[in-house]
Amino acid sequence: MATAAAASLSFPVISMEKLETEERGVAMEVIRDACENWGFFELVNHGISHELMDEVERVSKAHYKNHREERFREFAARTLEAGETGADVKDVDWESTFFVRHLPASNLADLPDLDDHYRQVMKDFASEIEKLGERVLDLLCENLGLEKGYLKQVFAGSKGSPTFGTKVSSYPPCPRPDLVDGLRAHTDAGGVILLFQDDQVSGLQLLKDGAWVDVPPMRHAVVVNIGDQLEVITNGRYKSVLHRVMTRTDGNRMSVASFYNPGADAVIFPAPALVADGAAEEKESGEGGAVVYPRFVFEDYMNLYMRHKFEAKEPRFEAMKSGAAPIATA
């Protein structure tokens, strides 16, 4: 499959300051095009202080060096030995990671090896990212012609809270990038993902028009990508796209990815207004009725996703139509 690194030069970047000016219409159009044709975009001037982001980066990199690096070296040695002796290690990810839950209940106090300062920094950052995520959802509602707050309400489920957490990852140097990926290609299961990534070490790529495109590192930017649930709710207008992390022989890439997902019991289905719009548009074009995605409970989808994360999303959607029937793997 081709790689189109040059295409990253046109990667959609939105300065959120422009949303408060006469350039709002242009910025909203960039967001619309990004959601429909890229599945990714980058936000700058988003309101999260650079000082806080710098501190998140500092403490996250220090935590890896002090608490996770030695364990990763042991994993790396085993993986390389297996790969170099002929074993298939393509089902392994070259990453060191831990997950922080924020909502509906935080596990921050329970995580080992985190000092009080790191916990407070992550708590402050999560609060800012949560607010940014909700602002992004409302911008998507505006572009889709949905009532303000519609997506947040759908995500809240019966308990009134989304599922919100942060995956903190390091992708250390790999002497044999031909053997193993940093993170295998997949779409994200949830709603909207907000990534604070290393601005010095690249590696994240998305699949666009049959070619892998670099997601360019930018200082103090937040990368946003569309998850499977938004593809369903928008009835396919917005698309979740395959993305991966490539290994490098140099540099230790930091990734702090926050997932603003539906609550476990949230019922996910195409927004009725968008199904009606799609049906009208397709009727005018002579193509028949709108394609309707399945209706399901988010937790049921997640249970299926965990078993088939690194496979195509379409069979997952089909399985949900039939009550989460098993996906054929042969």
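Is the crossing of α7 and α8 left-handed or right-handed? It is right-handed. Bear in mind that this is a predicted model.

Let me start with that helix pair. Two packed helices are described by the angle between their axes and the distance between the axes. Here, α7 covers residues 298–308 and α8 covers residues 313–321. They pack at an angle of about 140 degrees. Their axes are 11 Å apart.

Who makes the contact? From α7, we have Asp300, Tyr301, Leu304, Tyr305 and His308. From α8, we have Arg316, Phe317, Ala319 and Met320. By class, that contact has six nonpolar residues, one polar and two charged.

Now the pocket. Rolling a probe the size of a water molecule over the atoms shows where empty space is left. The largest pocket has a volume of about 780 Å³. Its lining counts 37 residues. Nearest the centre lie Phe99, Phe259, Asn261, Met302 and Tyr305. Note Tyr305: that residue is also on the α7 side of the helix contact.

Which elements give two or more residues to the lining? On the strand side, they are β5 (163–171), β6 (183–186), β7 (192–197), β11 (243–245) and β12 (253–261). Helix α7 is on the list too. β5 gives the most, with six residues.

Definitions and conventions. Residues are numbered from 1 along each chain as its sequence is written. This is a predicted model: local features need pLDDT of at least 70, side-chain atom pairs count only at pLDDT 80 or more; totals for chains, interfaces and linings use all residues. Side-chain values use heavy atoms; hydrogens and water are left out. Axes are lines fitted to C-alpha atoms, for helices over the stretch in contact, and angles run from 0 to 180 degrees between N-to-C directions. Helices (H or I, at least four residues) and strands (E, at least two) are DSSP runs, numbered from the N terminus. A crossing is left-handed if the near helix is turned anticlockwise from the far one by less than a right angle, and right-handed if clockwise. Contact means heavy atoms within 4.5 Å. Ala, Val, Leu, Ile, Met, Phe, Trp, Tyr, Cys and Pro count as nonpolar, Asp, Glu, Lys and Arg as charged, and the others, Gly among them, as polar. On a 1 Å grid over the protein atoms alone, a cavity is a set of points where a 1.4 Å probe fits but cannot get out, and a pocket is an open set with protein on both sides within 12 Å along at least five of seven lines; lining residues have an atom within 4 Å of a point. Grid points are joined across faces, edges and corners, and a volume is the space filled by probe spheres set on the points.
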